[in-house]
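Reader: I'm new to looking at protein models. Can you walk me through this one?

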Amino acid sequence: MKKGQTSTSPKEAIFQAAVSLFYDHGYDGTSVRDIAGRAKVNPSTISYYFKGKQGLLEACFTHFFEQYLHFLQEEVDALKYIRADLCLKRAVFKVLKFQSENHQLSRFIWREVSIDSQIVREIISSYLMKERFYLKSLFEQGMVDRSFKKQPISFLVIQLKSMLTMPFLNSQQLREVWQMFPQEYYFVDQYYQNIDQWINLLMTSEGSSGFTKELII
């Protein structure tokens, strides 16, 4: 190993190899041997750390959703001292940035969630129900503090969820048709500004659109 380089643990190498191969070929199109070859480990090492390909799939879901939901929970907790519209905007920017920085994993996860399977049903009953709770909480508090106009919250959550996931689920289409690259910070910045404008349209005259990304720090 060259001076200045950091070594990657076998477990991390396996996980990164799995994400890359799942992204390129899908879960069903990837074998344990494919992952072992990409990670340069023995297939038995995958069984040791993840108990097989199914365990790697579960690790992908856990790795993605625990971070994704953490950003939403942070802003729901911040409702105690920050106005709801600002918390929602901060949550949107954090989630977009996280997905951009993990664009391969993001696309794979959202693609898998669209397929009916036992593990997806378990994900819906846990992670996606938490996501719904956090997003609803942000909109509900916004209506309580009169930042947002009163309207059906469920449809707002569905609209926002679609905007948050679409670029990463359909990243190939964005690249080939629109020459847009969701993994680039420039895309996140410009796309965030459009969602920011959508949020502003939901606000009452008592609300305010004053938000800068520096508030995230």
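Reader: How many salt bridges are there across the interface of domain 1 and domain 2?
Author: Keep in mind that this is a predicted model. To count here, a Lys or Arg side-chain nitrogen has to sit within 4 Å of a carboxyl oxygen of Asp or Glu. Across the interface of domain 1 and domain 2, the number found is 0.

Reader: Then how many residue pairs are in polar contact between domain 1 and domain 2?
Author: For this count, both residues of a pair need pLDDT 80 or more. Between domain 1 and domain 2, that gives 2 residue pairs.

Reader: What kinds of residues are on the side of domain 1 that touches domain 2?
Author: Sort them by type and no charged residues turn up on that side of domain 1. The rest split into 2 polar and 5 nonpolar.

Reader: Which residues of domain 1 lose the most area to domain 2?
Author: Start with the whole interface: about 730 Å² is buried between the two domains, and carbon and sulfur atoms give 64% of that. On the domain 1 side, three residues together make up 70% of what is buried there. They are F15, V19 and Y23.

Definitions and conventions: Residues are numbered from 1 along each chain as its sequence is written. Side-chain values use heavy atoms; hydrogens and water are left out. Buried area is the accessible area (1.4 Å probe) that two parts lose on being put together, summed over both. A polar contact is a pair of N or O atoms within 3.5 Å; within protein, one must be able to donate a hydrogen and the other to accept it, and residues adjacent in sequence count only if both atoms are side-chain atoms. Ala, Val, Leu, Ile, Met, Phe, Trp, Tyr, Cys and Pro count as nonpolar, Asp, Glu, Lys and Arg as charged, and the others, Gly among them, as polar.
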